[in-house]
Amino acid sequence: MSIQDRVTAPTALVDVSFQLATESYRYRTPMKFGGRVVNDVTVLNATCDATLASGQRGRGLGSMTMGVAWAWPDPSIEDAKKLAVVLEIAERLAAACHEIDGAGHPVEICLNLAQRRSQIAVEVAQRQSLTTPIPELAVLLAGSVIEAALFDAQGKAAAMSSYALLTSEHLPHDLGELLGDPDYKGLTLDQFVSAQPIATLPLYHLVGALDPLTQDEVKQPVGDGLPESLGEWIERNELTHLKIKLAGDDAVWDLQRVIGIHQVACQTQQRGSSTGKPYFYSLDFNERCPDEEYVLKLLADLQQQSPDGYERVQYIEQPTARDLTRPDAVTMHRVGKLKPVVIDESLTDLNSLRLAVAQGYSGIALKACKGHAEALLLGAVAQHEGLFLCVQDLTCVGASFLHSASLAAHIPAVAAVESNGRQYSPAGNAAWMKRYPEMFEIRGGEIPTRVLDGPGLGYAL
């Protein structure tokens, strides 16, 4: 789709400029996932000054944690180098917005930018003397900040929610045109995205592979007044949803980890510390399982040894390697008959979604760090196809978490949302705690997403 092939709406963006800045925070405790340990986070912020076709002006903010350990796991390249590359790509994408002729909706501009990403990535790789291609996830991560800023700026300028600006009045193309697929002809994005945020969403609390479950396991207390163990977190936030990071290559440890977490959850519930709501678990293998049999055996053993724990498993996330196109790609047909299986790292576009479904996956994990436009479009496709939906974060802090929560709150089929920053990097939330304390200090195991009802992406600058 060409950006010129449209009717210009009064709310179309006609001029944008960006300012990018970073901030960094140390984790209060290390996080282990997928065999990697992370101790800090760099956040990229993009301020976008925009003018609409109507002449109205506004300033938007995009923010995202630059999780290069997740997006670019190649151990042969230092994380500092990866971060520098991703930040350069973000600068290039921001500059590319000025090269796009004509006015457009943020969805259209993002799709136009998507056509330029590959060439920009190649040029940056050459300039940075890289010998291997930059992973697509890393390129998406770089662009996510620019996309969020575009959507927020349009909404701020129009004094409307970005999610209310998805009707044909503002976005004249249907999903068939936007996705380049006639199967979705006649469907519009606003059919699958709510203009108003849902009042609350359950919080999925992350249990990292290094996280103590009980006080007895706390070897080096942080001593900052925040919980030191899972049991304390459950009591403080009245948690009901736990996302469990597993090894994927140690079946005995994985099984005992799930059972141990289930026991802590049950003990806390019995003490009357929880809300009395049902408990749910998600099992995240971070691509480490060698085959489908590994997952099947874990589920079978869990069902035998802890039937209640098995029943609480709501979904399974990305059990095997992210490249679904490789000849030895592992399918999930049998696991999918037992529990929903969602793709995370594998999900980069519509083709990857369809390939995953053909291989037995039954759901997708949306992430704001892959781009706001992609999340909206693939979220619509997932709903239309009847797939399981969840929204996960990348240890998002501050505005990046508000962005992620806002996205989840406007996609009706989303089951829950993550908020890992409050555990590992509360310093990154400090500036936003004053304005949105209820979003970062959880009560009742739920996030009050109703407060994200302002113009743009819902949060005030």
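Two strands are taken to pair if DSSP finds at least two bridges between them. In the predicted model described here, strand E6 (residues 280-284) and strand E7 (residues 313-317) meet this criterion, as 4 bridges join E6 to E7. The two strands run parallel. Within this pairing, Asp284 stands opposite Glu317 of E7. Strand E7 also pairs with strand E8 (residues 341-343), again in the parallel sense, over 2 bridges. Here Ile316 is placed opposite Val341 in E8. Strand E7 is mostly covered, with 5 of its 5 residues buried.

A further parallel pairing links strand E9 (residues 363-366) to strand E10 (residues 388-391) over 4 bridges. Gly363 has Phe388 in E10 as its bridge partner. Strand E10 is covered on both faces. Phe388 and Cys390 lie on one side, Leu389 and Val391 lie on the other, and all four residues are buried. In a regular strand, side chains alternate between the two faces of the sheet.

Antiparallel pairing is found in an open sheet of 3 strands, arranged in the order E1-E2-E3. Strand E1 (13-33) and strand E3 (57-65) form the edges, each pairing on one side only. Neighbouring strands of this sheet are turned against each other by 15° on average, direction ignored. Strand E1 pairs with strand E2 (residues 36-52) in the antiparallel sense over 16 bridges, and Asp15 stands opposite Thr51 in E2. Strands of a sheet pair through backbone hydrogen bonds, in either a parallel or an antiparallel arrangement.

Phe33 belongs to strand E1. Its relative accessibility is 8%, so Phe33 counts as buried, the cut-off being under 20% relative accessible area. Apart from neighbours within four places in sequence, Phe33 is in contact with Val38, Ala69, Trp70, Lys245 and Asn286. Of these contacts, Asn286 is 253 residues away from Phe33 in sequence, yet the C-alpha atoms of Phe33 and Asn286 are 6.8 Å apart in space.

Among the helices, H4 (residues 136-158) packs against H12 (residues 372-384) at an angle of about 85°, with the helix axes 7 Å apart. Angles of 65 to 115 degrees count as roughly perpendicular, and H4 and H12 are therefore roughly perpendicular to each other. On the H4 side the contact is made by Leu140, Glu147 and Phe151. On the H12 side His372, Ala373, Glu374 and Leu376 take part. By class, the contact of H4 with H12 comprises 4 nonpolar, 1 polar and 2 charged residues.

Asp152 is also placed in helix H4. With a relative accessible area of 0%, Asp152 is buried. Its contacts, leaving aside neighbours within four places in sequence, are Gly60, Leu61, Ser162, Pro455, Gly456, Leu457, Tyr459 and Leu461.

The largest nonpolar core contains 150 residues. Those with the most contacts inside this core are Phe18, Ile134, Leu150, Leu175, Leu189, Leu242 and Leu283. Helix H4 gives the most to the core, with 15 residues. In soluble globular proteins, nonpolar side chains tend to be buried together. For Leu242, residues up to four places away in sequence are not counted, and the residues touched are Tyr204, His205, Val207, Leu230, Ile234, Ile261, Ala265, Tyr279, Phe280, Tyr281 and Ser282. A second, separate core has 7 residues, including Tyr315, Val342, Cys390 and Ala416.

Gly231 is found in helix H6 (residues 230-237). Gly231 counts as buried, because its relative accessibility is 9%. Once neighbours within four places in sequence are set aside, Gly231 is in contact with Leu213, Val264 and Thr268. Leu213 is 18 residues from Gly231 along the chain, and the C-alpha atoms of the two residues are separated by 6.2 Å.

Technical notes. Residues are numbered from 1 along each chain as its sequence is written. This is a predicted model: local features need pLDDT of at least 70, side-chain atom pairs count only at pLDDT 80 or more; totals for chains, interfaces and linings use all residues. Side-chain values use heavy atoms; hydrogens and water are left out. Axes are lines fitted to C-alpha atoms, for helices over the stretch in contact, and angles run from 0 to 180 degrees between N-to-C directions. Angles under 35 degrees count as roughly parallel, over 145 as roughly antiparallel, 65 to 115 as roughly perpendicular and the rest as oblique. Contact means heavy atoms within 4.5 Å. Ala, Val, Leu, Ile, Met, Phe, Trp, Tyr, Cys and Pro count as nonpolar, Asp, Glu, Lys and Arg as charged, and the others, Gly among them, as polar. A nonpolar core is a set of buried Ala, Val, Leu, Ile, Met, Phe, Trp, Tyr and Cys residues joined through side-chain atoms within 4.5 Å. Buried means under 20% relative accessible area, exposed over 50%, partly exposed in between (1.4 Å probe, protein chains only).
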